[in-house]
Amino acid sequence: MSQSLPLLSLAVWTPIAGAVLVWLLAGDGRPARARGLALAVALLEFAITLPLYTGFDTGNGGLQFVERAPWVESFAIYYHLGIDGIALPFILLTSFITVLVVAMARVSVDKQLSQYLGAFLAMEGLMIGLFCAVDGMLFYVFWEAMLIPMFIIIGVWGGPNRVYATLKFFLYTFLGSVLLLVALIYLHLKTGSFSLLDFQRVGLDLPTQKLLFLAFLAAFAVKIPMWPVHTWLPDAHVEAPTGGSVILAAIMLKMGGYGFLRLSLPITPDASMAFSGLMITLSLIAVVYIGAVALVQQDMKKLIAYSSISHMGFVTLGTFLFSAQGIEGGLVQMVSHGFISAAMFLCVGVMYDRMHSRQIADYGGVVNTMPMFAAFMMLFAMANSGLPGTSGFVGEFMVILAAFESSFWIALLAGTSLVLGAAYNLWMYKRVIFGAVSNTKVAALKDLKAEEFIVLGLLAVAVLAMGVWPNPMLDLTHATVDTLLAHLQRGKLGL
Amino acid sequence: MEFMLPDLTPALPEMVLLAMACVVLLVDLFWPGRERSNTYVVSQLSLLATLLAVAQGYSGPTTTFSGHYTVDAVAVVIKVVALLIMFGVFLYGRDYLRQRALLTGEFLLLSLFATLGLLVMASAGSLLVLYLGLEVLSLSSYALVALHRDNGDASEAAIKYFFLGALASGLLLYGMSLLYGLTASLDLATVTQVVGEHARAGNFSPLMGLALAMLVVGIGFKLGIAPFHMWLPDVYHGAPTAVTAFLTTISKLAAFVLVVKLLAGVAAPLAQQWQQMLILVTVLSLVVGNLVAIAQANVKRMLAYSTISQMGFLLLGVLANSPAGLAASLFYMVTYALTGLAAFGMIMLLSRAGFEADRIEDFRGLNRRSPWLALVMMVILFSLAGVPPTVGFYAKLGVIRAVMQQDLLWLAIVAVIFSVIGAFYYLRVVKAMYFDAAEEQPAISPALDVRVFMGVNGVLVLGLGVFPAPLLALCQAVF
């Protein structure tokens with residue numbers, strides 16, 4: 001079903017065009033113009049993505065808003081865009097989070113603001129492009145192209161050890177991605193096209209499927225990240241500027257999970273089933289072990305980084321349980337984690353702007369001088385722990401239920417995340433926020449400014465709304481997940 | 001036997017270039033203009049005139065000079081690219097050489113003659129003409145490298161280049177003479193036919209194997225792939241950067257012509273044999289080029305080692321031995337010439353009188369000094385690394401696809417893994433440009449035409465990456 005207005009192309013190219021405008025029109029001497037222009041573009045983009053939600057047919061499990069045009073005929077690559085119930089929530093998440101990041105950049109970045117904001121806008125376009133891509137090579141181009149702006153953002157505006165962190169991030173992700181490239185070319189030579197729909201339909205025997213699954217795994221496991229290829233994430237998060245950490249955690253990590261749902265499961269269903277034991281084991285290690293690692297962190301950003309890895313472990317766990325509840329739980333967890341991790345990193349950013357420290361030891365008794373902020377951070381810390389009523393609970397609950405149907409022990413191990421999550425989140429919160437004022441710097445802290453209040457408020461509303469009533473998001477996914485599961489059950493070995 | 005004048009019209013471009021080179025010689029002698037500006041302008045005009053002659057003269061494959069001279073689609077593409085690239089080399093090199101008092105008539109003339117050599121090679125219909133063109137190109141190149149007479153590095157580079165290049169030409173000639181002995185003909189088409197007959201009859205004599213090996217070794221030297229690469233870093237480093245830009249584009253185009261005419265042309269029936277040889281040298285080039293480049297602190301040397309690995313990628317397309325593979329290699333060559341020209345052009349742009357901007361430290365803080373130039377350089381470096389959405393990605397995609405079509409999956413995986421290792425040293429320059437603070441440097445103020453051309457160059461690298469279809473279709477159409 002194609003619309004008269006190419007909404008998806010608009011959604012992809014508006015931020016990129018906006019980025020070029022910001023770079024050209026709002027050079028170094030005009031930060032106010034850069035901020036205004038960038039915020040206008042981000043809000044426009046959010047407005048463009050809203051009709052995708054309102055015009056979406058929840059009963060249709062296939063692709064909607066499809067656009068297709070020849071692009072590189074020599075290699076049979078088409079400019080083929082389309083969304084289904086799995087992609088749509090991420091597009092909305094991306095446009096929403098980018099508005100918040102651009103708004104918050106007003107307070108924290110002062111040098112070369114136009115380049116900073118332009119880079120985020122360009123990245124937004126590329127990320128939305130990834131979620132819309134139906135052609136394998138288009139998917140890959142967006143997947144890789146995203147690395148460039150993120151590399152620059154961490155490297156230019158990051159912390160003291162940013163060069164090491166950003167090089168590690170780029171090279172690690174690049175290495176996984178090139179194996180994805182080889183897999184895509186293999187499938188292209190087998191089917192004669194690059195369309196993911198054709199890849200989904202082609203028959204493959206089990207050994208080939210297993211090799212392809214491993215190639216996809218290399219790329220997606222690094223991106224999510226899964227244990228043991230997760231070591232780039234804590235460094236990248238700690239060294240990135242606040243906005244960079246937010247985008248990285250809220251959206252980039254989700255691309256790995258999206259990749260499993262878009263590529264691994266439909267194209268190599270039998271191998272996915274064969275490897276599900278391995279995937280569940282790795283997920284549980286992420287949930288339990290990385291949760292324990294988060295407990296001993298001294299740096300707040302590193303703690304939230306490890307907690308992100310742990311939460312994404314739930315996503316892969318839910319995906320590879322192969323039940324509607326598990327996959328939908330994984331999807332909800334991804335969106336919810338997008339809101340919560342964005343909020344947590346923004347909270348740390350608020351404190352860092354004032355104190356220039358992320359070490360827990362440097363804080364204590366912040367509630368005395370920043371009560372409004374403490375209230376917000378309480379909500380987000382609780383949501384991160386999976387408190388019922390917040391969005392953090394919904395996804396985890398669904399996945400644990402799905403795990404219970406498969407095995408009691410998996411559910412038990414997954415359930416420990418609720419305990420560990422509460423432990424590291426609340427302990428950090430207690431040490432930083434509660435108690436008496438610990439030093440003069442904390443005593444001098446000022447509470448939230450207007451933009452910070454609005455941004456955190458919007459996120460609080462999102463977290464609570466999704467926690468109390470997740471149906472608007474879940475309704476989008478039912479049809480698509482059912483189609484996916486039916487395809488999985490059929491498998492490909494009979495073809 | 002009557003003497004029949006051969007049809008000269010297909011050879012119009014070469015005649016135009018030769019005539020214009022003589023005009024440049026006279027202009028340089030009698031009317032050079034201030035700082036050789038007249039000579040420069042006439043040289044550029046001669047390139048443009050030749051370009052016109054190439055573009056409007058083509059109407060299908062033709063042969064003249066009793067089969068010694070042919071014009072086909074591949075030749076036209078290579079000639080057009082070579083002339084445009086040479087235009088760029090002159091443009092970028094003009095101010096750079098002026099600052100070093102090297103913009104002499106000799107530089108312009110030798111470059112024009114070298115281009116003439118390349119044009120002759122591209123149109124060669126016989127082994128003799130091919131070698132003739134190659135020698136015109138090579139001898140001009142040796143002299144060009146030695147242009148900076150008082151510089152120790154340049155003289156050392158020139159001696160190395162001359163000795164190894166002469167050795168390579170000699171080996172190539174020896175291989176060609178063995179082929180002549182085995183097939184009793186110099187004409188490329190006839191030699192191919194006879195070699196094909198020998199191959200079909202299963203008649204693979206040791207002499208044929210020796211000839212093939214000599215050809216591969218000679219081509220390997222000219223292309224600069226491991227293990228025949230030792231001259232490349234020293235020559236790239238020692239030569240004036242304008243000459244390096246010339247070497248990395250025109251000389252590599254010439255070596256590619258050798259590959260197309262000899263390996264994919266004459267020795268095509270013996271593909272099984274040279275495919276094995278090429279796989280070996282390709283893997284060696286990827287390993288050596290990427291690993292040693294990591295240790296370099298000089299950008300010119302780093303780009304030299306990166307060239308070794310890029311040529312390894314190029315050969316991936318050739319060893320696939322299919323029309324798709326050759327088309328992918330041609331696309332790779334054209335885009336590499338474009339990107340290499342821009343990279344060395346950037347070094348020249350940043351250099352000043354008495355100061356070479358060829359170390360990584362010299363790129364520090366370029367984003368602060370000139371955001372536009374830093375952006376262009378970043379696009380170029382990511383294209384060399386093969387990151388989308390630049391054109392370098394499609395070049396790598398093409399050759400890897402060609403290799404996988406021949407079921408050489410392991411080679412494709414090795415190639416992509418080494419491209420990741422290679423990404424590191426490109427990223428190091430990006431890091432210097434964007435993440436490091438600028439040292440105290442005078443402002444960069446290139447001439448307007450240089451700035452415009454660099455901008456066009458950078459936009460092309462990105463634009464061809466977003467819309468690679470036309471160039472890809474062209475490359476596939478010629479094979």
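Biologist: Which strands of chain A form a hairpin, and how many residues sit between them?
Modeller: Strand 1 and strand 2 of chain A, with four residues between them. A:A76, in the turn, has a positive phi of about 55°. Strands here are DSSP runs of E with at least two residues, helices are runs of H or I with at least four, and both are numbered from the N terminus. Keep in mind that this is a predicted model: local features need pLDDT of at least 70, side-chain atom pairs count only at pLDDT 80 or more, and totals for chains, interfaces and linings use all residues. Residues are numbered from 1 along each chain as its sequence is written, while chains are lettered from A and ligands numbered from 1 in the order in which they are written.

Biologist: In which sense do strand 1 and strand 2 of chain A pair?
Modeller: Antiparallel, over six bridges, with strand 1 covering residues 64-72. Pairing needs at least two bridges found by DSSP between the strands. As one of the bridge partners, A:Y78 in strand 2 of chain A goes with A:P70.

Biologist: And how many residues of strand 2 of chain A are buried?
Modeller: Six of the seven in strand 2 (residues 77-83) of chain A. Buried means 20 or more other C-beta atoms within 10 Å of the residue's own, exposed means 12 or fewer, and partly exposed is in between, with C-beta atoms placed from the backbone. Over the 495 residues of chain A, 61% count as buried.

Biologist: Switching to A:L175, where is that found?
Modeller: A:L175 is in helix 7 (residues 162-191) of chain A. It's partly exposed, because it has 19 other C-beta atoms within 10 Å.

Biologist: OK, whole chain now. How many helices and strands are there in chain A?
Modeller: Chain A has 22 helices and two strands. Its radius of gyration is 22 Å, close to the 23 Å from the globule rule for 495 residues, so chain A is as compact as a globular protein of that length. That radius is taken over C-alpha atoms, and the rule is 2.2 Å times the number of residues to the power 0.38.
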